[in-house]
Amino acid sequence: MGKLLDLTKRLGRSAARGLTPVSALKQGLAIDQHKALWTQVGRDSRGLWAYLRRLHAGRDPHAPGAPDLKDFSQVLEHWGLTEEQLPRVLREMRWTLATWWAVWAVFLGLMVWSGPSSPTLRAMYLVILSLVCVTGIVTTYYRYVVLANRRFMFFRDFILGRWDQKKE
C-alpha cells in the first residue's frame, strides 16, 4: 500500500506541473527538455513544409521553360527518358502493375485467412490495404498509359476518364 501511495503522490506532483508524456519519461527527459525537443521538431517540420512548397512551386505547365506538353519528345526529355529506354520502362511498369496486384491479393488473402476476428478491425485493415494498393496501381497505370499512348495528359483528366479521346 505504501508504494501505491508514493506513486499517487508522484502522479499528483506531475499533474500539478503538467503531465510529462510517457515517451519523455521513457527517455528520461524532464518536462522542459521535452518541450524544447518538440519545439525543435516543430521548427524542422516548418522547414519540411517550406521545402515541399518550394518543390511544388515550379510545377506550372505554362511557365517559361516548361516543356511543350503537346510534343511528347519534350515531355520524355523533361522526365529524363529517351526513345531507346521507352520499351524497357514500359516492360518494367507492367511488372510493377503485376506486383501491386499480387501484393494486394496476397495481403487480402492473409487478412481473410488469419486476420483479426473483429469485423471493425478487419474493415479498417481492408481500407488501409486497399488505399495503399489502389493508389500504387492507379498511379503506375497512369504513367503506363501516358508512355504507351505517347501523349501527355494530366492525372486529373486520366481520373475523370478523359484519356480516351482522340488527338486534337
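Predicted model: local features only at pLDDT ≥ 70, side-chain atom pairs only at ≥ 80, totals over all residues.

Let me begin with Thr140, which is buried because its relative accessible area is 6%, under the 20% cut-off. Thr140 lies in helix 6, which covers residues 119–149. What does the side chain of Thr140 reach? At 2.7 Å, it comes to the backbone oxygen of Gly136. Leaving aside neighbours within four places in sequence, Thr140 is also in contact with Met93, Thr96, Leu97 and Trp100.

Now to the whole protein chain. The chain has seven helices and zero strands, and so reading along the sequence gives the pattern α-α-α-α-α-α-α. Of its 168 residues, 20% count as buried. Among contacts in the chain with a separation of 6 or more, 43% are between residues 24 or more positions apart. The accessible surface comes to about 13,100 Å², with 63% of that belonging to carbon and sulfur atoms.

Next, please turn to helix 4, residues 72–79. Which residues of helix 4 are buried? They are Phe72, Val75 and Leu76. Seen down the axis of helix 4, these buried residues fall within an arc of 100°, and therefore line one face of the helix. The buried residues of helix 4 pack against helix 5 and helix 6. On the face turned away from the buried side, helix 4 carries the exposed residues Glu77 and His78. After helix 4 comes Gly80, with a positive phi near 80°.

For context, most residues other than glycine have a negative phi. Arg150 sits in the loop between helix 6 and helix 7, the latter being 155–159.

Finally, the surface. Val103, Val106, Phe107, Leu110 and Trp113 form a nonpolar patch there, and together they have about 530 Å² of accessible area. One of these residues, Val103, is found in helix 5, residues 86–114. With a relative accessible area of 31%, Val103 is partly exposed.

Thank you for your attention.

Conventions:
Residues numbered from 1 in each chain as written. Heavy atoms only, no water. Helix = DSSP H or I, 4+ residues; strand = E, 2+ residues; numbered from the N terminus. Buried < 20%, exposed > 50% of the residue type's maximum accessible area, 1.4 Å probe, protein only. Polar contact = N/O pair within 3.5 Å; in protein donor to acceptor, adjacent residues only side chain to side chain. Contact = heavy atoms within 4.5 Å. Patch = residues over 30% accessible without salt bridge, like charges linked within 9 Å, V, L, I, M, F, W, Y side chains within 5 Å. Areas by Shrake-Rupley, 256 points an atom, 1.4 Å probe, with all protein chains shown as cover. Salt bridge = Lys/Arg side-chain N within 4 Å of Asp/Glu carboxyl O. Arc of directions from axis to C-beta.
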